Amino acid sequence: MTVLHQQSAARRRREARPRRMLHPGAWWIWATTLAAAALRTTNPLLLGLIVAVVAFVVASRRTDAPWSRSFGSFLRIGAFVITIRVVFQMLFGVRLDGTTLFTLPSVTLPSWAAGVSLGGPVTLEALVGAAYQGLRLAVVIACFGAASSLCSPYRMLRALPSALYEAGVAITVALTFAPQAMIASRQVRDARRLRGRAERGPRAWVGSAMPVLEGALERSVALAASMDARGYGRRGAISVRTRRGVSMLMLIGLGAVAVGSYGLLDESAPSILRMPPFAFGAVALALALYLSGRGAERTRYRADRWLAPEWLVSLSGLAALGAMVVAGRHGAALDPSIYPLAVPALVPVPAIGIAVAMLPAWCAPRPPALASLETITHFEVAA
Amino acid sequence: MPHTNDPTTIAAVTDHRRSVLSRCRAWSVLVGSLLMLVASSMVPPSASASVTSCAAATAGLARVVVVVDRGEGDVSVVCVVVPRGSTGSQVLAARAAQLGAAVPSHAGSGLLCTIDSFPSSGCAETASGSYWANFSGTTGEWAYSNYNPFIRRVCDGDVEGWRYVVHGSGSAVDALPRINADSVAVANAWGCNEPEDSRSAGTGSDAASSSAVGADTDTTILPTQVVPESENVDGSGVVGTDGRPSADAGANVDGAYAGNAVVVPTGTVPPSQSASTSWIGVLSAGVLITALGTAAFVRSRRAS
Amino acid sequence: MIRFDHVSFTYPDADVPTLIDVDFIVPEGELCLVVGETGSGKSTLLRAVNGLVPRFSGGLLTGVVTVGGRSTAQVPPRELADVVGMVGQDPAAGFVTDVVEDELAHVMENLGVAPDVMRRRVEDVLDLLGLHELRNRPLSTLSGGQQQRVAIGSVLTAGPRVLVLDEPTSALDPAAAEEVLAAVTRLVHDLGITVLVAEHRLERVVQYADSVVFVPGDGSPVVIGDPSAVLSGSPVVPPVIELGRLAGWSPMPLSVRDARRASAPLRERLAPLRPPQPAEAAAGDLVAQVSGLQATYGSLTALSGVNLEVRAGEVVALMGRNGAGKSTLLNHLVGLRAPQRGTVRVCGAEPHRQSARDVIRSVGLVPQDNGVLLYHDTVAAECVAADRDGDLAAGTTRAVLDRLVPGIDQRSHPRDLSEGQRLALALAIVLGAEPALVLLDEPTRGLDYAAKQRLIAMLQMLASEGRSVLLATHDVEVVASVAHRAIVLAEGEVVADGVARDVVVHSPVFAPQIAKVLAPETWMNVDEVRAALATLEGPSQ
């Protein structure tokens with residue numbers, strides 16, 4: 001009995017301590033590295049594992065806030081993407097030999113459009129290949145969905161480097177559009193029911209797309225206006241000349257980085273267009289960030305701290321990506337053969353890496369819940 | 001749920017999987033063989049769509065010269081015999097089977113990745129513009145093919161060119177195979193001079209049936225040629241005399257060069273792995289994914 | 001402090017300017033009330049103060065707006081954050097963070113206030129606005145009044161010299177509105193902050209105003225001046241002023257207190273007369289029945305054991321604080337939510353089990369933000385779509401709309417309609433399917449007095465046709481005019497259910513201004529008094 005009491009007392013103490021939220025950056029690093037890992041494979045087993053791990057972590061560490069319930073919608077969007085990819089493959093896809101499932105009426109295109117095919121025999125191989133690619137994209141979407149349901153977009157906005165405030169409105173709209181669209185879509189769904197329309201099916205999708213997008217954009221812009229009115233992206237005492245200089249520097253830096261990264265990706269580009277512009281752009285951006293960061297006087301009320309859990313969460317994501325890259329270098333079957341159709345193999349190294357990415361389900365701090373927040377308030381008042 | 005540990009948890013997961021594996025092995029073999037059965041019983045592709053003039057419906061065989069140029073080392077010239085109306089990719093598969101080389105592999109989109117396991121990596125490097133360009137040399141000149149090899153059908157006497165292009169543009173300006181198409185025609189005359197289908201034509205439409213031809217091993221004898229790099233500058237010199245591949249061409253190719261013709265049955269694919277081991281991976285992953293998914297679902301339900 | 005110098009503004013794609021040659025000055029430390037009919041450009045005017053118009057709205061602004069010596073043409077809104085605090089119509093739409101305390105600190109973080117100063121100011125504002133209990137609450141769990149106070153607090157921490165409030169109390173129940181206005185007047189009196197506020201519920205604000213800006217909206221010049229002087233010539237006036245005009249008082253009273261002092265002779269004249277007795281609702285058939293209804297959101301209880309009956313031909317007002325569960329109850333009645341415990345029956349069926357097509361024939365809801373019901377380009381298209389949705393004869397919805405509000409241009413975009421017209425359109429869409437029960441959630445939000453009168457007429461027409469109406473509202477004047485019965489919800493329970501007049505008049509919070517002025521007699525609105533006086537004068541003439 002006494003032991004039990006002590007335990008429950010300890011637990012109560014632990015739960016009464018204000019819970020903190022994980023640094024948004026850690027969640028985003030975790031999610032983007034998992035997405036990057038997903039992009040390196042079309043192996044449905046590994047992709048499925050990534051989705052399962054992401055879903056598990058989201059279920060374990062999401063908050064009660066409205067945007068946290070959006071993960072399911074991201075999964076649905078993913079399923080939609082797979083369907084679209086498969087249907088497009090049937091209609092316009094490259095025709096593959098193999099097991100013909102059925103034949104669609106085909107259109108013979110003139111020779112200048114050779115290489116594009118419409119209709120024709122649909123093979124199992126072609127559909128499987130399309131499904132793999134669709135799945136990969138769906139997994140990437142799920143990873144970003146996870147990030148936006150695990151930390152609110154607003155906290156992400158706060159964590160951005162101040163130089164990016166220059167593009168304040170655009171960034172606010174970009175980061176808050178998806179969660180706002182979720183809220184808007186719920187509203188539109190209700191409104192459809194009130195008008196007596198079919199709530200499900202493709203017609204509902206088509207009919208509500210515009211109102212949802214419009215509603216979400218309006219909300220995002222309203223938020224951007226509110227943020228601007230409250231000084232978001234303010235430059236304070238910085239002089240007009242410096243501001244212009246910083247803007248120019250950022251513009252040049254971004255341009256150079258764009259040229260450089262294009263050069264790095266396109267191996268046929270002359271070497272002068274590869275590393276030099278990239279390095280120059282990076283330096284220019286860093287300088288712009290430094291200058292504007294120095295100009296913008298910003299302070300933090302309660303800064304998000306970067307502690308051990310943050311390291312663990314971001315490293316676990318990196319582990320998944322690292323395992324995937326290493327396995328790919330060593331010729332593991334990250335892209336299972338479509339033609340001939342082969343059974344995908346569960347490649348051990350990336351699978352273990354992905355399993356490591358499940359760590360945040362335990363090592364990330366539990367977010368505060370609505371109910372517990374009230375108890376915290378009372379506790380603090382009492383103390 | 002354990003709140004502490006990391007390595008232990010993973011270990012637990014792995015152990016779990018192993019035990020599940022052993023239990024599911026019997027099932028996996030059963031399900032695997034069932035699926036294989038279903039897959040193999042499915043209808044072979046219809047040859048209705050055709051983009052070249054020789055209709056697929058014509059019975060008989062087609063001799064096709066396949067030129068494969070990696071852009072480095074030697075150029076491989078192989079003559080294969082396939083049922084008339086086979087697709088370009090079937091010709092490549094037939095060539096691989098004849099040489100005993102690895103089957104050409106394709107990316108999920110259907111893009112041809114490797115011929116004779118070359119390049120060893122980098123099918124995903126399409127962004128850099130490296131790819132296997134396809135040419136037709138039938139007229140004596142290389143003509144860039146815009147057609148998908150899965151739908152382009154071959155005729156008797158066709159010359160197929162494959163050139164690995166590094167940083168290409170994906171259009172007709174990309175590098176040609178490094179031997180002239182007309183010199184290939186000479187090789188064609190030298191290697192495939194017997195009209196094979198005159199005999200089999202008598203048998204009618206079943207000549208197209210792969211099994212019939214495959215069994216008929218004495219009908220086609222197809223020497224293969226390798227053009228050494230040093231000799232390929234001028235089209236007239238052409239064909240290497242020794243017929244031996246250089247070291248560059250790879251061991252698997254080497255062994256097959258003296259081989260007889262094999263016509264690969266259409267639409268069938270040699271299994272690359274043993275069925276039971278590969279399905280174990282799928283099953284274990286399936287179990288893991290389902291377990292995690294269910295756990296996630298239960299957790300989110302409990303939370304809300 | 002705020003100076004509009006010959007300002008005109010035209011929205012992009014608009015033919016006529018919204019503001020024409022607006023020219024006025026608001027001195028420091030004044031509470032200035034902006035009045036005008038809906039669509040007259042009040043919000044535009046307010047948003048021009050810190051440059052959100054035209055920087056976020058687009059459009060062409062001529063003239064100069066100067067705040068605290070800085071011109072909005074030269075600096076973007078963010079650079080004015082330390083001078084102007086702007087709170088929009090929907091405070092929740094402008095929340096940036098997740099928790100009250102962070103929301104209060106946000107603006108200071110942007111201004112670069114030192115951390116220790118930040119902590120102190122957050123405490124000050126928490127105390128000033130009575131938000132102390134809420135400091136760790138997620139913003140999404142706050143009620144409307146709390147959200148409004150947090151929104152005001154979130155700009156106040158920057159220590160602005162000007163506070164701009166757009167409709168700060170229109171979504172609030174009377175008690176919450178009092179809270180907010182008390183906080184605002186405290187700011188004006190104690191801190192000398194200049195406040196510019198737009199509000200439809202003039203009766204709530206006008207007594208605190210030092211000056212009034214009247215935006216006519218028809219192109220004639222903006223009038224600024226002393227409240228009673230400006231309002232005596234304005235078409236938009238609160239009930240006390242209307243009563244004052246009727247009784248011929250001078251100077252115009254602005255508050256219940258002033259009016260009560262001036263009203264002694266009027267009360268004497270009215271003494272022999274009895275206020276009209278509440279109309280007996282025809283005891284029709286039972287249309288809707290709710291019994292033992294419970295609803296929770298996570299750990300929050302929205303409804304606990306609600307029992308309710310609505311009969312045919314009855315207009316029932318559903319009242320109660322923000323967050324008392326009114327909207328939740330309406331959502332259950334229309335089947336958007338399934339009851340967790342208890343039953344909801346409308347016309348004998350459980351709405352959440354019915355298909356959308358069947359539901360609209362028995363019950364229809366016009367939601368608080370009625371714009372969400374409308375998503376076509378023109379009024380005509382909305383009507384056609386509504387006919388199609390409900391399998392109605394072509395032209396049904398259009399006919400209903402013409403009966404409610406004649407003369408709406410069929411080609412206009414629903415967004416361009418005035419609040420009142422848009423409400424009528426949404427109501428017409430719902431009424432097309434001839435539901436037995438019509439639910440309205442806060443229909444008076446954003447309506448001016450004239451539009452409210454039209455709404456009252458519409459509701460009376462519905463009741464006379466034998467339809468039942470359930471109306472969730474804070475607007476006691478509307479309740480007093482139209483409702484047969486009033487139900488008050490508190491903490492998810494029904495605390496009062498009875499004849500509207502009795503429920504409303506005997507509550508110090510809910511009682512309408514006229515009832516307060518003419519207490520103890522239960523006169524509810526100016527029309528009743530006017531009618532009574534007419535009978536009095538009739539025979540004598």
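**Note on a predicted model with chains A, B and C**

1. Of the 304 residues in chain B, 41% count as buried. Among the contacts in chain B with a separation of 6 or more, 71% join residues 24 or more positions apart.

2. Turning to chain A, helix α3 covers residues 44–61, and its 18 residues should span 26 Å at 1.5 Å a residue, which agrees with the 25 Å that separates its end C-alpha atoms. Because 17 of the 18 residues of α3(A) are buried, this helix is largely enclosed by the rest of the structure.

3. Helix α11 of chain A, residues 308–329, has 22 residues, and the distance from its first C-alpha to its last is 31 Å, close to the 32 Å expected at 1.5 Å a residue. The buried residues in α11(A) include Glu310(A), Leu312(A), Ser316(A), Ala323(A), Ala327(A) and Gly328(A). The elements that cover the buried residues of α11(A) include α2 (24–39), α12 (348–356) and α13 (360–363) of chain A.

4. On the side of α2(A), the contact is made by Ala26(A), Trp27(A), Ile29(A), Trp30(A), Thr33(A), Leu34(A), Ala36(A) and Ala37(A). From α11(A), the residues taking part include Val313(A), Ser314(A), Gly317(A), Leu318(A), Ala320(A), Leu321(A) and Met324(A). Sorted by class, the contact of α2(A) with α11(A) has twelve nonpolar, four polar and one charged residues. Glu310(A) belongs to this contact and is also one of the buried residues of α11(A).

5. Between chains, 54 residues of chain C are in contact with 43 residues of chain A. On the side of chain C that touches chain A, the elements giving two or more residues are α3 (100–111), α4 (115–128), α13 (356–362) and α14 (379–389) of chain C. Of these, α3(C) gives the most, with eight residues. The residues on this side of chain C divide into 31 nonpolar, 13 polar and ten charged.

Methods. Residues numbered from 1 in each chain as written. Chains lettered and ligands numbered in written order. Predicted model: local features only at pLDDT ≥ 70, side-chain atom pairs only at ≥ 80, totals over all residues. Contact = placed C-beta atoms within 7 Å. Helix = DSSP H or I, 4+ residues; strand = E, 2+ residues; numbered from the N terminus. Nonpolar A, V, L, I, M, F, W, Y, C, P; charged D, E, K, R; others polar. Expected span 1.5 Å × (residues − 1). Buried ≥ 20, exposed ≤ 12 C-beta atoms within 10 Å, placed from the backbone.
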